Amino acid sequence: MALDKGLENVAVHWPRTNQYYDPVAPADFVDFGTIADEPGIAAPTGALALHIAKTGTVRATAYTELVDLLLGLDGVLYATDAAAEDEDPVIDPDGCAWIAGGLERFVEGHKPYGDLVTFDTVAAVLRAAVASGRLAEQQLRWLDQRLAALRDDAGNAPHWTFARTELAVLAGFYRRCADRGFAVFADY
């Protein structure tokens with residue numbers, strides 16, 4: 001992985017028609033740019049929306065731990081399962097819909113906790129969601145193990161913070177890909 005680039009999730013046409021995936025034109029995402037002009041929009045939200053509008057990509061490195069935690073798998077945005085099966089790190093349109101759905105449910109569930117998404121608020125939202133489901137006790141133990149694994153050796157939580165609106169834009173990228181039949185290529 002190139003240290004200066006990180007992971008990018010690039011919208012591509014599905015299925016591929018030749019040896020390489022053809023990127024989707026940024027024009028298919030140009031409306032994301034209007035989000036940055038909304039009054040009171042958080043700077044990270046605006047920056048993400050503008051980047052998507054200009055490139056049709058998401059710089060996904062910052063979101064990998066969070067998305068993996070929310071969806072309960074490892075390497076989701078790296079498309080590691082697809083890479084093992086198909087030799088191509090690609091998230092197909094159905095996978096994009098799954099990612100978008102998980103993010104959308106989280107964004108909605110985070111409303112009572114405000115706009116700032118932290119490790120602690122993520123844990124609270126996930127605990128509330130798991131506690132109301134079947135096999136709650138077993139799932140809470142699993143969740144506690146996942147949360148503990150993200151802490152450093154001193155027991156400190158990860159220092160990431162996001163605006164809830166930023167995660168809504170992230171979900172919107174994957175939803176757009178799913179709705180238009182695009183895939184996402186994990187480029188790193």
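Which residues in α1 meet which residues in α7? The views below begin with that contact. This is a predicted model, in which local features need pLDDT of at least 70, side-chain atom pairs count only at pLDDT 80 or more, and totals for chains, interfaces and linings use all residues. Residues are numbered from 1 along each chain as its sequence is written, and side-chain values use heavy atoms, with hydrogens and water left out.

**View A. Helix α1 packs with helix α7.** The two helices, residues 43-55 and 164-180, pack at an angle of about 20 degrees with axes 8 Å apart. That makes α1 roughly parallel to α7 (angles under 35 degrees count as roughly parallel). Pro 44, Thr 45, Leu 48, Ala 49 and Ile 52 in α1 meet Thr 165, Glu 166, Val 169, Leu 170 and Phe 173 in α7; contact means heavy atoms within 4.5 Å. By class, the residues of this contact are seven nonpolar, two polar and one charged. Here is a handy reminder for reading such lists: an α-helix has 3.6 residues a turn, so residues three or four places apart point the same way.

**View B. Helix α7 from its first C-alpha to its last.** With 17 residues, α7 reaches 24 Å, close to the 24 Å expected at 1.5 Å a residue (the expected span is 1.5 Å times one less than the number of residues). Buried residues in α7 include Leu 167, Ala 171, Tyr 174 and Cys 177; buried means under 20% relative accessible area. After the helix comes Gly 181, whose phi is positive, near 75 degrees.

**View C. Val 58 in strand β2.** Look for this residue within the strand of residues 57-59. Val 58 counts as buried, at 0% relative accessibility. Leaving aside residues up to four places away in sequence, Val 58 touches, among others, Leu 48 and Ile 52, as well as Leu 170 and Phe 173. Tyr 174 is 116 residues from Val 58 in sequence, yet 9.6 Å away in space, C-alpha to C-alpha.

**View D. Helix α2 crosses helix α4.** The axes of α2 (residues 64-71) and α4 (residues 93-109) come within 10 Å and cross at roughly 90 degrees. The two helices are therefore roughly perpendicular to each other, a term for angles of 65 to 115 degrees. Val 67, Leu 70 and Leu 71 in α2 meet Trp 98, Ile 99, Gly 102, Leu 103 and Phe 106 in α4. This contact has seven nonpolar, one polar and no charged residues.

Conventions. Axes fitted to C-alpha atoms, helices over the stretch in contact; angles between N-to-C directions. Helix = DSSP H or I, 4+ residues; strand = E, 2+ residues; numbered from the N terminus. Parallel < 35°, antiparallel > 145°, perpendicular 65-115°, else oblique. Nonpolar A, V, L, I, M, F, W, Y, C, P; charged D, E, K, R; others polar. Buried < 20%, exposed > 50% of the residue type's maximum accessible area, 1.4 Å probe, protein only.
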